[in-house]
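The sequence and structure are shown first, and the description follows.

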Amino acid sequence: MSHQHRPAASPYAFSMRELARRPGEQRTATKVFPAPAVLGTEVIGVPEGANVELTVSFESVREGIWVHGTVTAEAVGECSRCLDVVRLAVSPTVQGLFVSSNAVEVDEDEEAADVFEFDGDVIDLEEVTRDAVVTSLPFIPLCRPDCPGLCDQCGVRLADNPGHVHDVIDPRWLALEGLTETKES
């Protein structure tokens, strides 16, 4: 299945004019830019405006342009247990084969999730970057693996008060509690 890439003037865009249709040629590029939109999920992600660094290698192959590299950024979210801020350095791999829409057809075996179309001049790595970052983020972010969370009765942060407890009365004895209150009055 191939994905259509729009030749957008975005920070994720790289010109391929001098590399396209020249099999065997290679070049590398690095861009650092503020994230134009949140990269991640509702729970954790690289915030809009945070620095994103894309370091990629472009290699012209018979089928198109093979892209591989890394995206580096800091994701920010909320601990799923205690609601504290979680900061996580992310550096996932980005990769994909970009084929020109008017170029040689890709073999059915090669056609997969990492095959994309481009216009022959500009490769836009926004979708590839977004997919790489989202899949590298934890589904349930934690401030630390052993975070005790919050008290389920009053909401106090248990890491700050490890001995925190509540007197819990067995519900079967609640009816008798009313008898002791009437005798004391």
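Strands are taken here as DSSP runs of at least two residues, numbered from the N terminus, and two strands count as paired if DSSP finds at least two bridges between them. The model is a predicted one.

On this basis, β7 and β8 form a hairpin with six residues between them, and Leu 83 in the turn has a positive phi of about 70°. A hairpin also joins β6 to β7, in this case through two residues.

| Strands | Bridges | Residues facing each other |
|---|---|---|
| β5 and β7 | two bridges | Ile 44 and Gly 77 |
| β6 and β7 | nine bridges | Phe 58 and Val 67 |
| β7 and β8 | six bridges | Ala 75 and Leu 88 |
| β7 and β9 | six bridges | Val 67 and Gly 96 |

In one of them, the ring centres of Tyr 12 and Phe 33 lie 5.0 Å apart with the planes at 80°, so the pair is edge-to-face. Because Tyr 12 lies in the loop between β1 and β2 and Phe 33 in strand β3, this pair ties together parts 21 residues apart in sequence; both residues are buried.

Phe 14 and Phe 58 form a tilted pair, with 5.1 Å from centre to centre and 50° between the planes. This pair links strand β2 with strand β6 across 44 residues, and both Phe 14 and Phe 58 are buried. The charged end of Lys 31, in turn, sits over the ring of Phe 14, 4.4 Å from its centre.

Key:
Residues are numbered from 1 along each chain as its sequence is written. This is a predicted model: local features need pLDDT of at least 70, side-chain atom pairs count only at pLDDT 80 or more; totals for chains, interfaces and linings use all residues. Side-chain values use heavy atoms; hydrogens and water are left out. Rings of Phe, Tyr and Trp (its six-membered ring) pair if their centres lie within 6.5 Å; planes under 30 degrees apart count as stacked, over 60 as edge-to-face and the rest as tilted. Helices (H or I, at least four residues) and strands (E, at least two) are DSSP runs, numbered from the N terminus. Buried means under 20% relative accessible area, exposed over 50%, partly exposed in between (1.4 Å probe, protein chains only). A charge sits over a ring if NZ of Lys or CZ of Arg is within 6 Å of the ring centre and within 35 degrees of the ring normal.
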